[in-house]
Amino acid sequence: MSKTPTLDVSNINPNVVAAEYAVRGAIAVKAQQHGEKLRNGEDLGFESLVQCNIGNPQILNQKPISFFRQVLAICDYPELLEKEEAKKIFPEDVLARAREYLSNIKGGTGAYSESKGALICREHVAKGISERDGYPCEVDNIWLTDGASASVNYIMRILIRNQNDAVLVPIPQYPLYSATLSLYGGTMVGYYLEEQDGWQCTVEKLRQTIQQTRDSGKCPRAIAVINPGNPTGQVLDRETQIGIVKLCAEENLVLIADEVYQCNVYADDKEFFSFKRIVMEMGEAAKSVPLLSMNSISKGFFGECGRRGGYMECVNFPQGVKDQLYKLASINLCPNINGQICIAMVMNPPKPGEASYEMYNKEKMAILDSLKRRAKLVVESLNAMEGVTCNRVEGALYAFPRLQLPKYLLEQAEASGKPADFNYCMSLLDQTGIVTVPGSGFGQEQGTLHLRTTILPPENDMQTLTERWKKFHQAYIHQSD
């Protein structure tokens with residue numbers, strides 16, 4: 001008689017087994033294997049990998065913001081403040097900011113802080129939100145987090161009671177949402193964005209999806225909105241945002257606003273409006289809408305992904321629910337201190353007249369201007385490929401082109417049991433070293449094929465990169481000729 005294994009995939013939490021995360025899926029694993037072979041000197045037909053699969057700016061040589069790194073350096077090694085040389089190396093406002101954080105964070109970066117985050121950091125975040133929106137932000141409504149992913153985990157833990165609880169998520173979606181809902185045993189209900197309308201959201205279709213969810217016996221709890229969009233790169237129209245808030249009020253839904261790309265708007269005719277501002281401007285009409293909005297240090301023009309810093313603001317949340325959120329934060333003890341300090345600086349950067357402002361603004365605008373040029377170049381290059389169409393990248397860090405592949409490639413994919421866009425992305429990796437994510441990992445309209453690529457490769461490498469891709473694409477779609 002065989003003994004039952006103590007630990008096996010068959011006897012662990014089935015929700016973990018069911019969860020999928022395409023951004024770090026099979027293609028990313030294969031890319032790691034290729035990277036190891038390249039390090040060992042193997043000839044793969046390309047010299048290096050190009051990590052276009054994930055919004056990780058600094059791995060593609062984006063430089064960090066000097067002010068952030070200087071303050072963090074002193075916070076990590078406070079003895080620098082006692083060195084005479086420090087006054088020659090660091091600007092005056094860097095020294096002052098580091099002293100402010102160190103004097104208010106007991107024990108410095110190596111100690112635990114309050115579970116919601118150090119008060120001084122939350123105050124700086126609240127100040128930045130107030131300045132952004134023109135409305136007060138209560139410090140008590142701020143939780144500092146280890147990136148925006150932690151915020152998604154918090155709200156899903158609070159909302160999901162069983163598989164009958166559903167959250168509406170945009171399709172195409174960032175797979176964090178489907179994965180987290182799987183982990184907590186909830187149901188994801190997709191609402192489709194309109195590709196022909198620049199990936200905008202239609203409020204009437206949202207309303208229909210809510211009704212269909214109820215008709216199926218599920219209980220809609222929340223609507224998640226990603227603005228600017230990931231993977232689709234759109235910036236929501238203000239009128240649409242107002243319509244979404246009204247819908248949440250009518251249908252008694254929580255609004256989850258993923259706003260981590262709020263600094264990344266490139267279209268001249270578009271502007272980012274936070275849902276916090278929309279809710280405040282709507283006054284009484286929106287007072288019943290619980291809003292959780294989140295931001296992160298990983299995106300924008302800072303790209304401090306590895307530091308894991310962010311915040312969530314909970315507006316119109318009952319005190320009892322906030323108490324439960326505090327309990328969840330307490331279980332995790334506290335978010336990491338370096339991430340807390342970094343998000344505090346993101347929301348409260350150097351101001352005009354301060355010693356670091358000129359350098360800070362120069363670095364910021366150099367990155368954002370370059371991203372704007374790269375967004376345009378990527379879209380133009382993709383649209384120049386046979387059978388590829390791509391909406392403009394209005395914001396965020398990604399393009400989401402549509403692929404029209406020959407019939408025989410679709411038949412091959414069906415025979416292999418793999419989506420055709422997965423096969424395309426895997427071949428693109430194997431033959432060029434370019435790492436992308438198939439659209440099937442984000443969800444897409446039935447009968448369509450897409451992929452997601454970042455716009456992050458260095459600007460001076462873009463021409464070579466796009467030529468490699470074009471050459472591969474032509475050969476791939478004509479391999480049976």
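1. Contact here means heavy atoms within 4.5 Å. On that basis Gln 241 touches Asn 227, Leu 236, Phe 273, Ser 274, Phe 275 and Ile 278, leaving aside residues up to four places away in sequence. Gln 241 sits in helix α10 (residues 238-251). Helices (H or I, at least four residues) and strands (E, at least two) are DSSP runs, numbered from the N terminus. Gln 241 has 0% relative accessibility, so the residue counts as buried. The classes are: buried, under 20% relative accessible area; exposed, over 50%; partly exposed, in between (1.4 Å probe, protein chains only).

2. On the basis of the model: it is predicted, local features need pLDDT of at least 70, side-chain atom pairs count only at pLDDT 80 or more, and totals for chains, interfaces and linings use all residues. Residues are numbered from 1 along each chain as its sequence is written, and side-chain values use heavy atoms, with hydrogens and water left out.

3. How much of helix α8 (residues 176-183) is buried? Six of its eight residues are, so α8 is largely enclosed by the rest of the structure. The buried residues are Leu 176, Tyr 177, Ser 178, Ala 179, Thr 180 and Leu 181. They pack against two kinds of element. The helix is α7 (148-159). The strands are β3 (165-171), β4 (187-192), β5 (219-226), β6 (254-258) and β7 (291-296). Gly 185 follows α8 and has a positive phi, near 80°.

4. Helix α15 (residues 407-416) has a buried side. Its buried residues are Tyr 408, Leu 409 and Ala 413. These cover an arc of only 145° around the axis, which puts them on the same side of α15. The arc is that of the directions from the helix axis to the C-beta atoms. In general, an α-helix has 3.6 residues a turn, so residues three or four places apart point the same way. The face of α15 turned away from the buried side carries exposed Lys 407, Glu 414 and Ala 415. The buried residues pack against α16 (420-432) and α17 (462-477). Just after α15, Gly 417 takes a positive phi of about 75°.

5. There is an open sheet of three strands. The order is β10-β14-β13, and the pairing is antiparallel. Which strands are at the edges? They are β10 (398-399) and β13 (437-438), each of which pairs on one side only. Two strands pair if DSSP finds at least two bridges between them. β13 and β14 (residues 451-454) pair over two bridges. Pro 438 stands opposite Leu 451 in β14.

6. The whole structure holds 27 salt bridges. A salt bridge is a side-chain nitrogen of Lys or Arg within 4 Å of a carboxyl oxygen of Asp or Glu. One of them joins Lys 30 to Asp 430, with the closest N and O atoms 3.1 Å apart. This pair links distant parts of the chain: Lys 30 is in helix α2 (residues 26-39), Asp 430 is in helix α16, and they are 400 residues apart. Lys 30 is partly exposed at 24% relative accessibility. Asp 430 is also partly exposed, with a relative accessible area of 29%.

7. Asp 140 forms a salt bridge with Lys 322, the closest N and O atoms being 3.2 Å apart. The pair again links distant parts of the chain, 182 residues apart. Asp 140 lies in the loop between α6 (119-133) and β2 (142-145), while Lys 322 is in helix α12 (residues 319-331). Lys 322 is buried, with a relative accessible area of 9%.

8. Arg 307 forms a salt bridge with Glu 304, and the closest N and O atoms are 3.2 Å apart. Arg 307 is partly exposed, with a relative accessible area of 23%. Glu 304 is buried, at 2%. Elsewhere, salt bridges link Asp 237, Asp 269, Lys 270, Arg 392 and Glu 394 in a network.

9. The surface carries a nonpolar patch of Leu 7, Val 9, Ile 12, Val 16, Val 17 and Leu 183, with about 530 Å² of accessible area together. Patches are made of residues with over 30% relative accessible area and no salt bridge; like charges are joined within 9 Å, nonpolar side chains (Val, Leu, Ile, Met, Phe, Trp, Tyr) within 5 Å. Accessible areas come from the Shrake-Rupley method with a 1.4 Å probe; for residues, only the protein chains shown count as cover. Leu 7 lies in the segment before α1 (14-18). Leu 7 is exposed, with a relative accessible area of 70%.
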